[in-house]
Amino acid sequence: MEIIWKDRKRTLFGLPLSFTKYELTEERLFIKTGFLTQKEDEVRLYRIMDVSLTKTLGQRIFGVGTINCASADKTLGDFEIKSIKTPGEVKEKLSEMIEVQRDKKRVTNREVMMHQDDLEDVEDAGDMD
């Protein structure tokens, strides 16, 4: 299992003074937290549905940001990769890897796209009961 990317959550002045570590492999993302009691979560990349990037003013000053992930993982759910260096590059790499894994596993997002008029027609049909 080759680690493609790793970083720590960065705190004061963008320094890695945290016990939260992130590691990305070809198929999984690991989130390790804690000092005395350690916890390791993992999510398979094909389970991540959407990623977005947030950078507060303070994060922009110190060159860090937070990646928000919407996940179908039952134990982890939606999660954040908090205060990491080069968040834009990491988000793009993560998005590419997610797509590769979703294609490999033949997983698709089933998004319903309807026009507002179509939605009203469906609601009106339900009122006929």
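1. Helix α2 and Q101. Q101 is found in helix α2; helices here are DSSP runs of H or I with at least four residues, strands are runs of E with at least two, and both are numbered from the N terminus. Q101 has a relative accessible area of 1% and is buried, where buried means under 20% relative accessible area, exposed over 50%, and partly exposed in between, with a 1.4 Å probe and protein chains only. Not counting residues up to four places away in sequence, Q101 touches E26, E27, L45 and Y46; contact means heavy atoms within 4.5 Å.

2. Basis of the note. This is a predicted model, in which local features need pLDDT of at least 70 and side-chain atom pairs count only at pLDDT 80 or more, while totals for chains, interfaces and linings use all residues. Residues are numbered from 1 along each chain as its sequence is written, and side-chain values use heavy atoms, with hydrogens and water left out.

3. The sheet. Strands β5, β6 and β7 form an open sheet in the order β5-β6-β7, with antiparallel pairing; two strands pair if DSSP finds at least two bridges between them. The edge strands, β5 and β7, each pair on one side only. From one strand to the next, the twist averages 20°. Between β6 and β7 the antiparallel pairing runs over 5 bridges, and G65 has I84 in β7 as its bridge partner. Helix α2 packs on the sheet and touches β5, β6 and β7, its direction making about 170° with that of β5. For such angles, axes are lines fitted to C-alpha atoms, for helices over the stretch in contact, and the angles run from 0 to 180 degrees between N-to-C directions.

4. The core. The largest nonpolar core has 19 residues, of which F79, I81 and L94 touch the most other members. Such a core is a set of buried Ala, Val, Leu, Ile, Met, Phe, Trp, Tyr and Cys residues joined through side-chain atoms within 4.5 Å. Two or more residues come from each of β2 (21-24), β3 (28-33), β5 (48-54), β6 (64-71), β7 (79-85) and α2 (87-105). Helix α2 gives the most, with 4 residues. Leaving out residues up to four places away in sequence, I81 touches W5, Y22, L29, G65, T66, I67, C69 and L94.

5. Salt bridges. There are 9 salt bridges in the structure, each defined as a side-chain nitrogen of Lys or Arg within 4 Å of a carboxyl oxygen of Asp or Glu. D7 and R10 form one of them, at 2.9 Å from N to O. D7 is buried at 11% relative accessibility, and R10 is buried with a relative accessible area of 11%. Another joins E23 and K32, whose closest N and O atoms are 3.3 Å apart. E23 counts as buried at 16% relative accessibility, whereas K32 is partly exposed at 26%. E23, K32 and E40 are linked in a network of salt bridges.

6. A link from α2. K104 and E26 meet through their side chains in a salt bridge of 3.7 Å, N to O. K104 lies in helix α2 and E26 in the loop between β2 and β3, so this pair ties together parts that are 78 residues apart in sequence. E26 is partly exposed, with a relative accessible area of 48%. E26 is also among the residues that Q101 touches.

7. R28. This residue, R28, lies in strand β3. Its side chain is joined to that of E42 by a polar contact of 3.1 Å. A polar contact is a pair of N or O atoms within 3.5 Å; within protein, one must be able to donate a hydrogen and the other to accept it, and residues adjacent in sequence count only if both atoms are side-chain atoms. Apart from neighbours within four places in sequence, R28 is in contact with M1, E23, E42, V43, R44 and L45.

8. K55. The loop between β5 and α1 (57-62) holds K55, which is partly exposed at 41% relative accessibility. K55 and S83 are 28 residues apart in sequence, and their C-alpha atoms are 8.5 Å apart in space. With neighbours within four places set aside, K55 is in contact with R60, V64, G65 and P87.

9. Backbone points to check. Most residues other than glycine have a negative phi. F13, in the loop between β1 (5-8) and β2, has a positive phi near 60°. F13 is exposed, with a relative accessible area of 53%. T86, in the loop between β7 and α2, has a positive phi of about 40° and is not a glycine. T86 is partly exposed at 41% relative accessible area.
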